[in-house]
Amino acid sequence: MPAPHAMGGLLLIGAMAGFSLSDALVQLAGSGLQAVHLAWLRYVLLLLSALPLLIRNPALARSRRPGVQVLRAAGLVGSAVLFLQGLKSLPIADATALVFVSPLYVTLLSALMLREPVGLWRNLPVMLGFAGVLIVAQPGGAGFNAAMLYPMLSSMAWATAVICTRLLSGADSATTTMLYSAALGVVALSPALATADTAAVAAQWPWLLAMALAWCLAQWMTILAYRLAPPGAIAPFSYSQMLWAAILGWLLFGQVPSARTALGMSVIALSGVMAAWMARRTFKR
């Protein structure tokens with residue numbers, strides 16, 4: 001793997017560690033705060049980090065497809081809130097594994113909205129990944145928790161954002177998209193501040209600030225990673241988030257993944273590697 005690809009892979013692994021650390025800090029500092037409040041903190045810090053770019057280049061505020069930007073931002077906000085809600089009741093490793101069902105939704109939405117061809121060969125890793133999710137969730141079984149629906153719905157909202165990102169390709173820059181996502185996220189979540197527990201925020205602000213900083217840094221590392229290397233080359237590294245989640249859950253909360261969860265996570269990760277390998281073969285042709 002050439003040096004830029006290697007650096008991109010390392011950055012993506014670091015970004016996944018940042019996302020998992022932010023999620024762990026949610027469970028450490030989430031007492032008294034709702035999912036919408038935690039999401040607002042993340043988005044407002046992301047907006048503040050992006051404002052210098054807008055000040056330097058005001059043209060970044062112009063979008064050729066503002067409607068799609070709004071829909072993408074809505075998908076991201078919904079995904080964030082639903083996932084944070086799931087974290088209140090689920091071990092980090094389980095919630096993280098369940099959210100990786102998103103490739104299934106992306107494939108389905110691609111066929112419906114983008115008219116992309118869908119065949120058995122292309123759907124094989126998607127079906128394998130979904131099987132891994134079923135192993136973790138065990139719907140209808142004794143291990144099923146209704147809170148598992150939150151990360152699953154979160155992945156559906158995320159898939160909507162992914163499709164919108166494809167629709168924005170060639171229309172807006174990545175920086176413009178980031179600015180719209182951050183600004184619209186803050187606007188959408190700000191009304192919920194009226195119900196925030198200010199005493200809880202004051203008591204836990206160091207953890208909350210660290211939570212938002214880790215998430216914000218991970219967002220920018222992800223962007224830089226995909227600028228240095230093509231998605232097909234480094235996408236499998238995103239599945240390292242499940243490993244980071246399992247490690248942090250064990251170290252901070254004593255949450256040891258069950259054998260069922262570990263098996264499901266392995267199947268999901270295998271499906272991601274398979275999908276990336278297939279994408280690279282298609283690209284080379």
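Predicted model: local features only at pLDDT ≥ 70, side-chain atom pairs only at ≥ 80, totals over all residues.
Local features were taken at pLDDT of at least 70 and side-chain atom pairs at pLDDT 80 or more, whereas totals for chains, interfaces and linings use all residues. Residues are numbered from 1 along each chain as its sequence is written, and side-chain values rest on heavy atoms, without hydrogens and water.

The protein chain contains 12 helices and zero strands (DSSP runs numbered from the N terminus: helices, H or I, at least four residues; strands, E, at least two). Of its 285 residues, 45% are buried (under 20% relative accessible area, 1.4 Å probe, protein chains only). Among contacts (heavy atoms within 4.5 Å) with a separation of 6 or more, 89% join residues 24 or more positions apart.

The largest nonpolar core comprises 68 residues, with Tyr43 and Leu98 making the most contacts inside it; such a core is a set of buried Ala, Val, Leu, Ile, Met, Phe, Trp, Tyr and Cys residues joined through side-chain atoms within 4.5 Å. Helix α9 (residues 198-228) gives the most to this core, with 10 residues. When residues up to four places away in sequence are not counted, Leu98 touches Leu90, Val133, Val136, Ala137, Met148, Pro151 and Met152.

One salt bridge is present (a side-chain nitrogen of Lys or Arg within 4 Å of a carboxyl oxygen of Asp or Glu). It pairs Asp23 with Arg42, whose closest N and O atoms are 3.0 Å apart. Because Asp23 belongs to helix α1 (residues 3-29) and Arg42 to helix α2 (residues 35-56), the pair ties together parts 19 residues apart in sequence. Asp23 is buried at 4% relative accessibility, and Arg42 is buried with a relative accessible area of 4%.

How values were computed:
Buried < 20%, exposed > 50% of the residue type's maximum accessible area, 1.4 Å probe, protein only.
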